[in-house]
Amino acid sequence: MKKYEPTPKEINFLNKISEAAEAGDPVSQRVVAEIYLLGKYGISKDEAQAFNWYKEAAEQEDEVAQCNVGWFYYADVLGEGAEYDKAAAWFRKAAEQGLAIAQNNLAFCYEYGRGVKQDLACALKWYLKAAEQGLRSAHANFKRCCLKANKAVRAEFKANQEKIPGYYIQELEK
């Protein structure tokens with residue numbers, strides 16, 4: 001099988017995006033990370049390089065990169081052992097910036113006590129935030145978490161929320 005050879009246009013893109021990443025642009029750093037993660041444009045797949053570039057962007061408050069750094073820690077992408085506490089911390093940074101998938105991931109950490117103390121009311125809060133942005137998996141996760149939470153937890157959650165859409169109130173009252 002012939003090795004993939006990038007087109008001149010792709011080489012130009014790689015040169016420009018690499019330059020911008022080296023200069024510190026967080027979006028470019030994230031794009032370079034994704035190229036390494038997926039092994040695109042003739043670049044060999046390299047999770048360690050991807051992680052390093054994601055971390056560079058994450059440290060500059062890029063919420064997508066923060067979520068991805070969290071996932072690397074959570075899923076043990078580098079094969080060094082899952083670090084749920086670091087994963088939850090990175091998910092929180094991205095979740096607080098409003099990234100729905102990070103809110104969902106942080107909620108999952110709270111639901112199962114991974115890297116944070118298990119807290120179903122907190123899990124419900126983060127699932128709701130993500131679901132309100134249209135993340136379907138968060139909607140399903142909210143429903144599942146409601147079934148796990150006892151009445152006291154559901155009441156605590158309701159008491160601490162300013163506004164809960166009607167459908168979610170129905171789930172809490174089941």
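Glu111 touches Gln118, Leu120, Ala123, Tyr127, Arg144, Cys145 and Lys148, leaving aside residues up to four places away in sequence. Keep in mind that this is a predicted model. Glu111 sits in helix α6, which covers residues 100-112, and several of its partners turn up again in the pairing of α7 with α8, including Leu120, Ala123, Tyr127, Arg144, Cys145 and Lys148.

- Is Glu111 buried or exposed? With a relative accessibility of 0%, Glu111 counts as buried, because anything under 20% falls in that class.
- The side chain of Glu111 also has a polar contact with the side chain of Arg144, at 2.5 Å.
- Gln103 is another residue of helix α6, and its relative accessible area of 4% means that Gln103 is buried too.
- Which residues does Gln103 touch, if you skip those up to four places away in sequence? They are Ala95, Gly98, Trp126, Lys129, Ala130 and Gln133.

**Helices α7 and α8**

- Helix α7 runs over residues 120-132 and helix α8 over residues 136-148; they pack at an angle of about 155°, and their axes are 8 Å apart.
- The way α7 passes α8 is a left-handed crossing.
- On the α7 side, the contact is made by Leu120, Ala123, Leu124, Tyr127, Leu128, Ala130 and Ala131.
- On the α8 side, you'll find Ala138, His139, Asn141, Phe142, Arg144, Cys145, Cys146 and Lys148.
- Sort the residues of this α7 with α8 contact by type and you get eleven nonpolar, two polar and two charged.

**Helices α4 and α5**

- Now for another pair: helix α4 (residues 63-75) packs with helix α5 (residues 84-96) at an angle of about 165°, and their axes are 8 Å apart.
- Again the angle is over 145 degrees, so α4 and α5 are roughly antiparallel to each other.
- α4 and α5 make a left-handed crossing.
- From α4, the contact draws on Glu63, Gln66, Cys67, Val69, Gly70, Trp71, Tyr73 and Tyr74.
- From α5, the contact draws on Tyr84, Lys86, Ala87, Trp90, Phe91, Lys93 and Ala94.
- By type, the residues of the α4 with α5 contact split into ten nonpolar, two polar and three charged.

**A residue of helix α9**

- Lys151 belongs to helix α9, which spans residues 151-159.
- Is Lys151 buried or exposed? Its relative accessible area is 66%, so Lys151 is exposed.
- Lys151 and Trp126 are 25 residues apart along the chain, and their C-alpha atoms are separated by 18 Å.

**The chain as a whole**

- How many helices and strands does the protein chain have? There are ten helices and zero strands.
- Read from the N terminus, the order of elements is α-α-α-α-α-α-α-α-α-α.
- The C-alpha atoms of the protein chain fill a box of roughly 60 × 35 × 30 Å along the principal axes.
- Of the 174 residues in the protein chain, 38% are buried.
- Take the contacts between residues at least 6 apart in sequence: 48% of them join residues at least 24 apart.

Note on methods. Residues are numbered from 1 along each chain as its sequence is written. This is a predicted model: local features need pLDDT of at least 70, side-chain atom pairs count only at pLDDT 80 or more; totals for chains, interfaces and linings use all residues. Side-chain values use heavy atoms; hydrogens and water are left out. Axes are lines fitted to C-alpha atoms, for helices over the stretch in contact, and angles run from 0 to 180 degrees between N-to-C directions. Helices (H or I, at least four residues) and strands (E, at least two) are DSSP runs, numbered from the N terminus. A crossing is left-handed if the near helix is turned anticlockwise from the far one by less than a right angle, and right-handed if clockwise. Contact means heavy atoms within 4.5 Å. Ala, Val, Leu, Ile, Met, Phe, Trp, Tyr, Cys and Pro count as nonpolar, Asp, Glu, Lys and Arg as charged, and the others, Gly among them, as polar. Angles under 35 degrees count as roughly parallel, over 145 as roughly antiparallel, 65 to 115 as roughly perpendicular and the rest as oblique. Buried means under 20% relative accessible area, exposed over 50%, partly exposed in between (1.4 Å probe, protein chains only). A polar contact is a pair of N or O atoms within 3.5 Å; within protein, one must be able to donate a hydrogen and the other to accept it, and residues adjacent in sequence count only if both atoms are side-chain atoms.
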